[in-house]
Amino acid sequence: MTDRTPFRIKGETGDWEVVMGLEIHAQVASNAKLFSGASTAFGSDPNANVSLVDAAMPGMLPVINRFCVEQAIRTGLGLKAQINTYSRFDRKNYFYPDLPQGYQISQFAHPIVGEGEIEVDVEVPGKPGYAFTCRIERLHLEQDAGKSIHDMDPHATYVDLNRSGVALMEIVSKPDVRSPAEAAAYVKKLRAIVIALGTCDGDLEKGNLRADVNVSVCRPGQYEKFRETGDFKHLGTRCELKNMNSYRFIQQAIEYEARRQIEIIEGGGKVDQETRLYDPVKGETRSMRSKEDAHDYRYFPDPDLLPLEIEQAWIEDIRKSLPELPDQKRARFEKDYGLSRYDAGVLTSDADKALFFEEVARGRDAKLAANWVTQELFGYLNKEGLELAQSPVSASALGGLISLISDNTISGKIAKDVFVRMIAGEGEAAAIVETHGLKQVTDTGAIEKVVDDIIAANPDQVAKVKDKPQTLGWFVGQVMKASGGKANPQAVNDILKAKLGL
Amino acid sequence: MTDLTALTLASALDGLKSKQFSSVELTQAFVSAIEKARVLNAFVVETPEKALEMAKASDARRAKAKGKVGKLDGAPLGIKDLYCTKGVRTTACSGILGEFTPTYESTVTQNLWDQGAVMLGKLNMDEFAMGSSNETSHFGNVINPWRRKGDNQGLTPGGSSGGSAASVAANLCLAATASDTGGSIRQPAAFTGTVGIKPTYGRASRYGMVAFASSLDQAGPIAKTVEDSAILLEVMCSHDPKDSTSLNIKTPNWQKDVRKGVKGMKIGIPKEYRIEGLSEEIDALWQQGIKWLKDAGATIVDISLPHTKYALPAYYIVAPAEASSNLARYDGMRYGARVEGGSLTQTYEGTRASGFGKEVQRRLMIGTYVLSSGYYDAYYLRAQKVRTKIFQDFVDAFETCDAILTPACPSPAFAFGEKSGDPVEMYLNDVFTVTANLAGLPGIAVPAGLSASGLPLGLQVIGKALDEAACFRVGGALEDAAGFVARPEKWW
């Protein structure tokens, strides 16, 4: 595993580091909204899923959806977090046409979930990658707002309230994220956890997982001082990048934003605390609202709702029903399959990947299976920009190929050729090997003959290898070449050594 | 034939049951009375056709040999405009709701219709229930059917349930629904010689009631007698899963408590309610009440509610704070009145400036201010702490007594404009009633006598949480002792 080296940006006056905390809005995977019975179905006609409560008709009252509370608790347990048996809903007051009540019901002072943590696996191009612990500050439940549509008419804004009142879990991290790649990896890991728990569909395109990133920059060493003292004065002024739903954009936005802040500071200016939006087309962030225009939300406890008091027994019941989480799965992969921390992390970062791997590895050499899945298959999929679900090679087909390697039917090198043919749609590995006569030559007599011929034809090399045994490789290459790559490498080695007297 | 509109709810139900008259006859009598009393401005929507249709259906139910008959079957009632009524305009007497007509029914009114009651129409009130004189209504003030002796000056019926109180006092309905956030049932009842009770917070559902201050609002009836108020309250109250603050408990039979008497009960007299400048007339009424209860076999105990003086200021922070948020939904976007502006902000400003009346705007501004950052702790949080203290005062006091007797209001009904110039003077009207809202306790106002000027005066009984029974027992005893039979002379 690679060390976690600080991500640094070179400025004109020296090096800078980035510090980030993330707020993830994860839509609860529930059929009904947080405080009304209206449907949460995606893709319905505008304003089709709106109850009297969601439209804030006079005299309508919110009633908490127990299922949503349960999902928040499940998620909290998945984040190894404190579940607060007492929590409370507050009103966040502001006017906007897509906010019918004139306030959002959220949990401000007393969230349902307190501090927790997650292990984040970060991929490093060309290297094994590393892991870091990101502390979670809190998770709270809140209502989503509706959607304002500004581009249907040049003179009017249309409002769709289908999302109004949908339950969101806002998951707030501590400022423990230190690079654009770490930010993306954090979102990926959180997504894997909520998907494993079944508490959120994690579909970034549908917007049911969105990230706000608080970015600030500081000089090397300042962050460590902050961690020691907990004093934010050691860190720079932060800007909040709102509503990002792509790993790529998250990284681009952070990088741009960090450079923008460094430029301001180095130019003698001051970073204003503000909310910014990333424009992926222009590749830049722009101001959405400054601190001066920040709303005074006038939070106060919602008098329409009683405090949420949760029985410990219920929490324990939910705990018992938790599925295997990515970190537990990773630990199991390390232990049961003997995989490295990194390979296990990659394979368990996504439930589908883990499932695929387990199918490939069942009854086979697990390390070999892990190599083939992470290197060859994922390498191919990444290159082609394909999802695992679109893989042209199924888990059982890949397993079949690995079995042929394990029982010495083919060598690893030949297997790569077979794999290419499998991708091309030529069928199962065994059939390809049969059709193209790729079976490994383990007949020692045949190999011996080839070896004898090569020794006889190359007296100079024979003389050389006596002094320099490492030149044996040259003989191996010649034999493999002569056998069309089909000779069993182990047998070739053994015979060569015997014949050359090494 | 006797005047059917002069009947109490209890006797009208008896008459319907024994077929002395039909619901249609009874309803027609009220429809005619309402038409003739338009000068009182008690109704903002009259629904005579709907009423007669409902009456006909009731008569049909009663005509069937084994017809299922409700507890209020055939009884014509008035509904405060705060309650959403399906298909009937509901505006809480605010301009901002325009011609808003709900597609849904409030739980309280649904309970009434389920028991066969007949709706005569919607009753006038202070805009969004903010007021103590009914002068803030978008539809103009209600006129109290009572007048001072030898004086034709118009008087307020109190507020915010002014229409409810006036219509009951003027025999325009058998009884009416009302609502009470700081005294809006009890004060108008006292101003009109009627009985009004606010039950324990959570007894009645707030679903479909236009919200003023959610943690204080509570439904209740205004009726002609203590018994009538018990009959109506029983039907209004219910557990409602659609209101998270609704209590999941059974509603008792309170009607049987009314004539139980007070023998053996301990009645607390809070010294802090002897406020500075309390008029002799009100004090004398209070002393009279104490004597009546003593004579009826109750023990009188002196009690202390030390935080009483902070109640009114705390109330006028908590209620506007909640209102400022509850009324944010009236933004001209989805329903009600809308004033188009050049920008979104201008549309908001224009809509709310023209839709809300002055008193509502004042309270929204107070509420916005006390919740704003930097002031929250000093005002809202502090007011909530005071609220806890007031609640604790009552808990302590109820260690030594079963119910508390106080005046209902500091004065009899006043004239229009008399107090509307100074909001603080107007707010002082609630001084005896807000404590029960802040503590969530039941309180009943019962007419107990007439002022020197010939206007009704009321006494208030505050009970323990969920002990409406004590309010009804003491209220019934006061009613018996007072023998209050005065009615406003019909001048309209």
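Okay, hi everyone. Please keep in mind that what you see on the screen is a predicted model.

Let's start with chain A. Which domains is chain A divided into? Domain 1 covers 17-293, domain 2 covers 324-435, and domain 3 covers 444-500. Between them, domain 1 and domain 2 of chain A bury about 970 Å², with 58% of it on carbon and sulfur atoms.

For an example of a salt bridge, look at A:Asp327 and A:Lys189, where the closest N and O atoms are 2.6 Å apart. There are also three residue pairs in polar contact across the interface of domain 1 and domain 2 of chain A.

While we're on salt bridges, the structure holds 58 of them over all chains. Another one in chain A is A:Lys242 with A:Asp212, with the closest N and O atoms 3.0 Å apart. This pair links distant parts of the chain, 30 residues apart: A:Lys242 sits in strand E12 (residues 239-244) of chain A and A:Asp212 in strand E11 (residues 209-218) of chain A.

As a quick reminder, strands of a sheet pair through backbone hydrogen bonds, either parallel or antiparallel. Chain B has an open sheet of 11 strands with mixed pairing, and if you trace across, the order is E1-E3-E2-E4-E6-E5-E10-E11-E9-E7-E8. Which are the edge strands? They are strand E1 (43-46) and strand E8 (299-303) of chain B, and each pairs on one side only. From one strand to the next, the twist averages 30°.

Now zoom in on one pairing. Strand E7 (residues 266-270) and strand E9 (residues 403-407) of chain B pair in the parallel sense, over two bridges. B:Ile267 has B:Ala403 in E9(B) as its bridge partner.

There are helices lying across strands here too. Helix H2 (residues 23-36) of chain B lies across E1, strand E2 (76-80) and strand E3 (118-123) of chain B, at about 20° to E3(B). Helix H15 (residues 468-482) of chain B lies across several strands, including E7 and E9, and runs at about 5° to E10(B).

Last stop, the place where the chains meet. The area buried between chain A and chain B is about 2700 Å², and carbon and sulfur atoms give 58% of that. In chain A, the residues losing the most area to chain B are A:Pro58, A:Phe95 and A:Arg298, together 23% of what that side buries.

How many salt bridges cross the interface of chain A and chain B? One, and A:Asp304 forms it with B:Arg206, with the closest N and O atoms 3.1 Å apart. For polar contacts between chain A and chain B, the count is 16 residue pairs.

Technical notes:
Residues are numbered from 1 along each chain as its sequence is written. Chains are lettered from A and ligands numbered from 1 in the order in which they are written. This is a predicted model: local features need pLDDT of at least 70, side-chain atom pairs count only at pLDDT 80 or more; totals for chains, interfaces and linings use all residues. Side-chain values use heavy atoms; hydrogens and water are left out. Two strands pair if DSSP finds at least two bridges between them. Helices (H or I, at least four residues) and strands (E, at least two) are DSSP runs, numbered from the N terminus. Axes are lines fitted to C-alpha atoms, for helices over the stretch in contact, and angles run from 0 to 180 degrees between N-to-C directions. Contact means heavy atoms within 4.5 Å. Domain bounds come from an automatic or database domain assignment. Buried area is the accessible area (1.4 Å probe) that two parts lose on being put together, summed over both. A salt bridge is a side-chain nitrogen of Lys or Arg within 4 Å of a carboxyl oxygen of Asp or Glu. A polar contact is a pair of N or O atoms within 3.5 Å; within protein, one must be able to donate a hydrogen and the other to accept it, and residues adjacent in sequence count only if both atoms are side-chain atoms.
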